[in-house]
Each structure stands twice: as structure tokens, then as C-alpha cells.
Amino acid sequence: MIPRIHQQGGNTLGLLHYLYGKGTHEEHIDPHLVASFDGMAPDPGREPSVTEKDLQHLLDQPLSLVAADQRPDQHVWHCSVRAAPDDPILSDEQWGDIARRMVAATGIDPGDGAGCRWAAVRHADDHIHIIATLVREDGRRPDHHRSGKRAQSECRLLEKELGLHQVAPGDGTAAKRATSAERHKAEREGRERPAREELRETVRRAVAGATSKEEFFDRLAAAGLLIRKRIAPSGDLLGYKVALPDDRNKDDEPVFYAGSTLAPDLSLPRIRERWALPAEAATSADDSGLEQPTLPPVTGPAFARRRATAATWQALLIIDHGDDGTAAAQIAAAGEVLDALAKTSAAHTRSELRDAAVAFERASRSHVKAVRGHDRALRQAARDLIYSGPALGRGEDCATTAMLIDMAFFLAIAAANWHARKHHSQQAASARQAAERLRAAYQAAAGEPMAVLCHRGQRLAPRVHQRQADLLHQVLPELAERIRAEPGWPALAATLDDARRAGHDPAALLTDAARRRELDTATSISDVLVWRLRRGARLPALPETPLDTPAQGSRRPGSPAPTTLPAQGALSDFSRRR
């Protein structure tokens with residue numbers, strides 16, 4: 001159940017005209033009162049002789065108790081309360097009780113016999129509107145300070161009492177939702193989503209990995225946005241606003257949004273914090289005691305994805321073992337990596353990665369202050385992704401994308417667990433939602449490279465294959481049989497053989513990969529180990545294709561696997577992992 005305190009107004013009759021009217025798209029059905037301050041207010045929706053003017057006159061009578069020069073200009077209080085889509089349809093009596101609870105909780109009518117006059121109108125199955133005059137019966141102003149938070153708290157109680165969908169409590173750090181007017185405007189103009197949401201995503205992508213205001217504004221301009229900067233008399237930049245060129249108001253002027261109204265962390269001061277490098281954070285990551293992998297000589301998008309995978313692994317360690325400020329910084333910077341990955345991904349993974357980035361956006365902010373500077377490895381990784389250009393949907397680009405998504409999934413889970421420990425309910429839920437989207441993206445990205453690796457594994461000589469099986473039983477005796485029964489086991493066997501051929505000790509690599517994070521809850525352990533081994537051993541994510549293997553890209557994701565490849569080995573069982 002979502003309450004919303006709307007901006008105060010000065011026209012009671014105008015709001016009543018809207019509530020009892022047909023609606024912007026004639027969506028209002030049977031408008032009528034479900035409750036009022038005295039239970040006897042006239043109802044223009046059910047009484048033919050009553051007009052909206054009559055109800056307005058009754059609600060506004062307390063204004064006469066206040067001298068004309070002391071009356072509030074914005075005296076109309078407006079609150080809407082909406083049920084979740086999967087909630088049962090509530091009766092008028094239930095909505096009436098909800099309205100009385102809301103005005104009491106917010107201080108509009110606290111039950112002292114002299115509260116404000118109000119009325120609750122229902123014109124749809126799933127919500128009501130409460131209108132009130134902000135002058136009490138005794139001529140005083142109501143105490144409705146922080147009425148939004150009070151309304152949220154009351155809704156959490158109502159959800160439990162009525163058995164409704166329970167919304168995770170917020171902490172005031174969420175981005176502002178699009179208004180109903182903005183949503184209706186997007187529908188009228190045939191937009192996929194409101195301008196506010198499109199601008200938020202575009203600005204977030206412009207921020208990802210940016211290191212200066214010049215670079216940030218250049219990216220905004222390159223994305224086609226209109227930019228309005230706020231400059232102080234001294235010439236200092238104070239803030240900015242952005243608009244879509246084709247989003248116009250009734251006067252045919254662009255509708256600008258300040259960065260802070262798109263999301264709390266998109267104001268110019270908050271963006272500048274990302275560019276800062278505190279002295280204590282300037283020390284090398286080598287001084288932290290964490291492993292600093294040497295990146296392989298791969299150029300372009302594949303190189304960027306390998307670098308991002310390494311940085312994501314380091315971030316996982318910090319989230320698990322670091323202090324709150326550095327962990328919060330890593331989670332915030334992880335959002336930049338996901339934004340950059342979505343922007344540069346191939347077509348077959350773009351939609352799911354975009355959804356993952358949008359979901360994770362809520363998880364990137366909390367009241368824990370991020371200690372910026374310690375997140376520079378992830379921010380550099382995001383920058384590399386942006387400037388390396390779009391990735392191909394095949395070959396090393398595709399395989400390293402799968403490798404990065406695999407690691408990003410575990411980071412999203414780590415972020416969800418961290419937020420859960422801090423009782424950040426909304427952020428934890430958003431991180432888990434992002435992890436689900438990353439699962440789907442992994443399936444799309446990993447199908448082809450895992451098919452190639454499985455094919456290589458099936459072509460190993462019997463003695464080589466047995467050698468890898470014996471190694472598996474030696475290092476992971478409790479998991480060996482489970483792994484060998486998985487479709488991805490041939491890919492793991494091929495990876496172990498590739499590591500041996502490259503001069504590594506496969507047993508040491510496998511031991512290290514297995515201890516890095518627990519494996520018991522992973523359904524597709526072989527997939528996880530393949531990418532950990534190939535990254536740790538600095539092997540190509542996708543070896544050169546054997547001559548008799550069908551060319552990569554010869555089949556679309558989701559189409560039947562070629563007969564020379566294992567029918568299901570190409571697809572990870574990642575969707576059931578964790």
C-alpha cells in the first residue's frame with residue numbers, strides 16, 4: 001500500500017472537479033465518498049442535488065476563522081493511498097477505515113474533536129484520494145510535519161492487519177517516482193516510459209566512470225540532452241538541469257529536471273564526490289593486502305571486461321570484510337559498472353543487463369555514507385567499459401561478458417546480504433532483483449562460449465579426461481560426483497587442461513578457486529569454477545575454436561544446439577543457482 005502526499009494547493013474546488021470528473025483518460029469510475037470528517041458530508045457522486053461546490057464550501061468553512069491576511073495561500077492538503085496490484089479489492093467500508101487511520105496518523109484529524117475538515121473520494125478499485133483544508137475547527141494550523149513518513153508507517157501497519165502485500169520500508173534515499181501526470185503524458189505521447197525515468201538512466205550512464213565535469217557534460221550533450229547550468233556570480237558551477245528535446249510543456253518549452261530531482265546521488269555536489277580522491281584512499285590497492293591480478297594482453301571490449309571482472313572480485317572482498325563506508329562505496333560504484341555494461345553490451349544481453357542496472361540503482365544508495373576514492377578500481381573499470389566501445393555478441397567479447405556477469409551476480413548477492421544486515425529492506429530487495437536479471441543475462445551470454453568449451457572437453461583424450469576427473473576428486477572430494485554429473489563438467493575439464501598447458505598447477509588453481517567463495521549452494525558449480533579458473537590463470541575466456549566446431553555466432557541464443565555439441569551443455573544451469 002503506497003501513500004503519497006501531493007503538493008499543497010490553493011483550489012479546493014479545482015481538486016474536487018478532478019476527483020469527481022472522468023479523469024484524463026476517462027479512467028475514473030463511480031466517484032463517491034467513502035468517509036469524511038463527520039461522516040455526514042454531502043456526496044456529489046451519489047446525491048443528485050449536491051454539487052462539488054457544496055462540498056467545497058463545507059470543507060473550506062474553517063478558513064473564515066482566520067483573518068484574511070493570515071490565511072494560508074496553499075490550504076489544500078491532498079493524499080492518495082494506492083493498493084498493490086496483487087491485493088484484493090477492498091470494500092468502501094475498508095477504504096473508509098483506511099482514510100480515518102491516515103488523517104489521524106498524519107495529524108490532519110488526530111481525534112481531538114477539533115481537527116481539519118476532510119473527505120475521502122474513491123473513483124477506482126485500487127485507491128482513494130483524501131482532501132483536507134489545512135485549518136482546524138479551532139482556527140489553528142494542524143501539526144502535519146513529516147506527514148509523508150507518518151503515512152508510510154501507518155500503511156505498513158495496515159498491510160499487516162489487512163493481509164495486504166507488505167512493502168519494504170524506505171529510508172528516504174529512493175529516487176523520486178514519476179508523477180501520475182508524467183506517466184499519463186508519456187502514454188499520450190507514445191513514450192515507453194516517463195521523461196523523468198529516461199533522463200535518470202541517461203544521466204547515470206553519463207556519470208559512469210566520468211572523472212570531471214567537462215567529461216560529464218560532454219557525455220550528456222552526446223546523448224542528445226538539453227543542458228541548463230546554474231552559474232554563480234563568481235562563475236562557479238552550482239548545479240545543472242537536463243531535458244529531452246521533444247519533452248515540452250503547454251507553452252512548447254522544454255521540461256527541465258534538476259539532477260537532484262532525478263535521484264539524490266545525481267545532484268552536482270554528490271557527483272563531484274565521485275571524482276574526489278581522498279589522501280587516505282590514494283595508496284595503492286596493493287597496500288590493502290588484496291590480490292592484484294595481472295591483466296592479460298587483450299585489447300578492446302574483452303580487455304575492459306576482464307579488468308572489470310578483476311575489480312568486481314576485489315569489491316566482493318571489501319563488501320564482505322571492509323568497513324561500512326568502503327563497502328557502501330563499492331556498492332555505489334558497482335552500479336556504475338552495471339550501467340556501463342548495459343550501455344556497451346551486445347544486443348542479445350542488452351535488455352536484461354539494462355533491467356539489472358535499473359534494479360540495482362536503488363541498492364546503490366543508503367544512509368551509510370560512501371567513502372569515495374576507495375572505489376576507484378570499479379569506477380576505472382566502468383570507464384574502460386564505456387571507452388572500449390560496444391562488445392560483439394561472439395568470440396572473446398561474448399565470453400568475457402559472461403565472465404563479468406557471473407562475477408556481477410555474486411556482487412549483487414553480496415550487496416543484498418550487506419543491506420539485509422543493515423536492515424535496508426528496499427535496497428536488499430533491489431539487489432536481489434538485479435541478481436535475478438543478471439541470471440537471465442548470463443544465460444544469454446554464456447550459451448555459446450560454454451558450448452565451445454564443452455565441445456573441447458568432450459574431445460579430450462580419455463587419459464587426459466580421467467586425469468582431470470582424478471584431480472577433481474583429489475581437490476573437491478565432497479563435490480566431485482555432483483560436478484561430474486553437471487552439463488558443464490566437460491567445459492571445466494577443458495579449462496583444467498588449458499591451465500596445465502599454460503604452465504599452471506591445476507590442483508593449486510582449483511583449490512584457490514573453490515575456497516574463494518562457498519560452492520555448496522551453487523547448482524552449476526562447474527560454470528562458476530570455469531570462469532574463476534580462466535580469470536585466475538589469465539587464460540583466454542574463449543580458446544581458439546577447433547576446426548570441426550561450428551563457427552561462433554552460427555546459431556541464435558535459444559535455438560537448438562548443433563549436433564556436434566552437447567544438447568544442454570551449452571546452457572548454464574545458472575537460473576537455479578543460489
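Me: What makes the largest set of 89 residues a nonpolar core, and which residues have the most contacts inside it?

Reply: The largest nonpolar core has 89 residues, and those with the most contacts inside it are F360, L438, L476, I483, L492, L529 and W531. Helix α14 (residues 395-421) supplies the largest share of this core, 16 residues. The term applies because a nonpolar core is a set of buried Ala, Val, Leu, Ile, Met, Phe, Trp, Tyr and Cys residues joined through side-chain atoms within 4.5 Å. This is a predicted model, in which local features need pLDDT of at least 70 and side-chain atom pairs count only at pLDDT 80 or more, whereas totals for chains, interfaces and linings use all residues. Residues are numbered from 1 along each chain as its sequence is written, and side-chain values use heavy atoms, with hydrogens and water left out.

Me: Which residues does L438 touch?

Reply: Not counting residues up to four places away in sequence, L438 touches L338, L353, A356, I405, A408, F409 and A412; contact means heavy atoms within 4.5 Å. Another core, of 25 residues, lies apart from the largest one, with V34, A83, A132 and L134 among its members.

Me: Why does H127 count as buried?

Reply: Buried means under 20% relative accessible area, exposed over 50% and partly exposed in between (1.4 Å probe, protein chains only). H127 has 8% relative accessibility and therefore counts as buried. H127 lies in strand β5 (residues 127-136). Helices (H or I, at least four residues) and strands (E, at least two) are DSSP runs, numbered from the N terminus.

Me: How do you know that H127 makes a polar contact with R82?

Reply: The side chains of H127 and R82 make a polar contact at 3.4 Å, and the limit for such a pair of N or O atoms is 3.5 Å; within protein, one atom must be able to donate a hydrogen and the other to accept it. The side chains of H127 and D126 are joined by a polar contact of 2.8 Å; residues adjacent in sequence count only if both atoms are side-chain atoms. Beyond its neighbours within four places in sequence, H127 is in contact with V81, R82, W95 and R122.

Me: How many aromatic pairs are there, and what makes F216 and Y240 edge-to-face?

Reply: There are four aromatic pairs. F216 and Y240 form one with 5.5 Å centre to centre and 85° between the planes. Rings of Phe, Tyr and Trp (its six-membered ring) pair if their centres lie within 6.5 Å, and planes under 30 degrees apart are stacked, over 60 edge-to-face and the rest tilted; this pair is therefore edge-to-face. F216 belongs to helix α7 (residues 213-222) and Y240 to strand β7 (residues 237-243), so the pair ties together parts 24 residues apart in sequence. F216 and Y240 are both buried. F409 and F410, also an edge-to-face pair, have 5.4 Å centre to centre and 80° between the planes.

Me: What makes K229 a charge over the ring of F217?

Reply: The charged end of K229 sits over the ring of F217, 4.4 Å from its centre. The criterion is NZ of Lys or CZ of Arg within 6 Å of the ring centre and within 35 degrees of the ring normal. R532 likewise has its charged end over the ring of F410, 5.6 Å from the centre.

Me: Why is α18 called largely enclosed?

Reply: Eleven of the 13 residues of α18 are buried, so the helix is largely enclosed by the rest of the structure. These buried residues pack against α15 (425-458), α16 (462-475), α17 (480-484), α19 (506-516) and α20 (525-536).
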